[in-house]
Amino acid sequence: MKSARKLLLWIILVPIACVLLLQAYFFLQIWWWKDHNPDSTSFMRQRLSILQEQNPNAQLQFKWVPYARISNNLKRAIIASEDSNFSEHDGIDWDALQKAYEKNEKKGKVVAGGSTITQQLAKNLFLSGERSYLRKAQEFVITYMLEFLMDKQRIFEIYLNVVEWGNGVFGAEAASQHYYRTTAANLGAEQAARLAVMLPRPRFYDKNRGSGYLAARTGLILRRMNAASLPPAHK
């Protein structure tokens, strides 16, 4: 009986200890990234692995640039398109999630996500693209870690540099070169709006650059950009 209780205790305690150790790893990694730039993310490594299955010599297009060397046009366009309340919320925009849920229920399929910029970064940094309640719960935990340890501008800086923008294309600098043969610092308003609209389906729009939806949505984001609030400067 004693050995059975001991075994049961181990069955319960070992998974709890593993989960806590994983959270500690995430926390320490995020703390390190407050002042150090990530060389890659979980999502980047997954995409590179897939590309190298087709071509062993494949490499990602990726170049880190500081926040100040990314056009404000792009920053405003992304906030207008992806997360209009970025500067105000604590990582999760519950109103946006509710609206997305209602929209999906009405359509009978997933047509809206409601994820914030911080949530998208949490997923890209550490998680896979699979859909499950467990992965979503972990995404929420990492999101709050990011918001606790970093200010909004640092979160946005990392996001701008690691988000996917095409097949093997990651970050604002690589995207600017890939689509416009220019730098992230020199993006015009329309170019920036178009890049922002591509974010939910970057590989699709990389192949379908003449999409009517892409053109129409770009015009809408252009009109919204001036109202977008950028995160405050570092304290």
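Predicted model: local features only at pLDDT ≥ 70, side-chain atom pairs only at ≥ 80, totals over all residues.
1. Start with E139. Its place is helix α6, residues 133-149. E139 has a relative accessible area of 2%, under the 20% cut-off, so this residue counts as buried. Beyond its neighbours within four places in sequence, E139 contacts S115, Q119, A122, K123 and L127.

2. E139 has charged partners. A salt bridge joins its side chain to that of R135, at 3.0 Å from N to O. Both residues belong to α6 and sit 4 residues apart, about one turn of the helix. R135 is buried as well, at 11% relative accessible area. The side chain of E139 also makes a polar contact of 3.1 Å with that of K136.

3. R135 turns up again in the second largest pocket. Its lining consists of V19, L22, Q23, L134, R135, A137, Q138 and V141. Helices α1 (2-33) and α6 each give two or more residues. The largest share, 5 residues, is from α6. By type, the lining has 5 nonpolar, 2 polar and 1 charged. The pocket volume is about 160 Å³.

4. Now the other salt bridges. The whole structure holds 7. One of them pairs K152 with E147 at 2.9 Å, N to O. Both of these residues are buried.

5. E164 and R203 form another, with the closest N and O atoms 2.8 Å apart. E164 is in strand β2 (residues 164-166) and R203 in helix α10 (residues 202-207), so the pair ties together parts 39 residues apart in sequence. E164 is buried at 7%, whereas R203 is partly exposed at 32%. R47 joins E164 and R203 in a network of salt bridges.

Definitions and conventions
Residues numbered from 1 in each chain as written. Heavy atoms only, no water. Polar contact = N/O pair within 3.5 Å; in protein donor to acceptor, adjacent residues only side chain to side chain. Contact = heavy atoms within 4.5 Å. 1 Å grid on protein atoms, 1.4 Å probe; cavity = no way out; pocket = protein on both sides within 12 Å on 5 of 7 lines; lining within 4 Å. Points joined across faces, edges and corners; volume = space filled by probe spheres on them. Nonpolar A, V, L, I, M, F, W, Y, C, P; charged D, E, K, R; others polar. Salt bridge = Lys/Arg side-chain N within 4 Å of Asp/Glu carboxyl O. Buried < 20%, exposed > 50% of the residue type's maximum accessible area, 1.4 Å probe, protein only.
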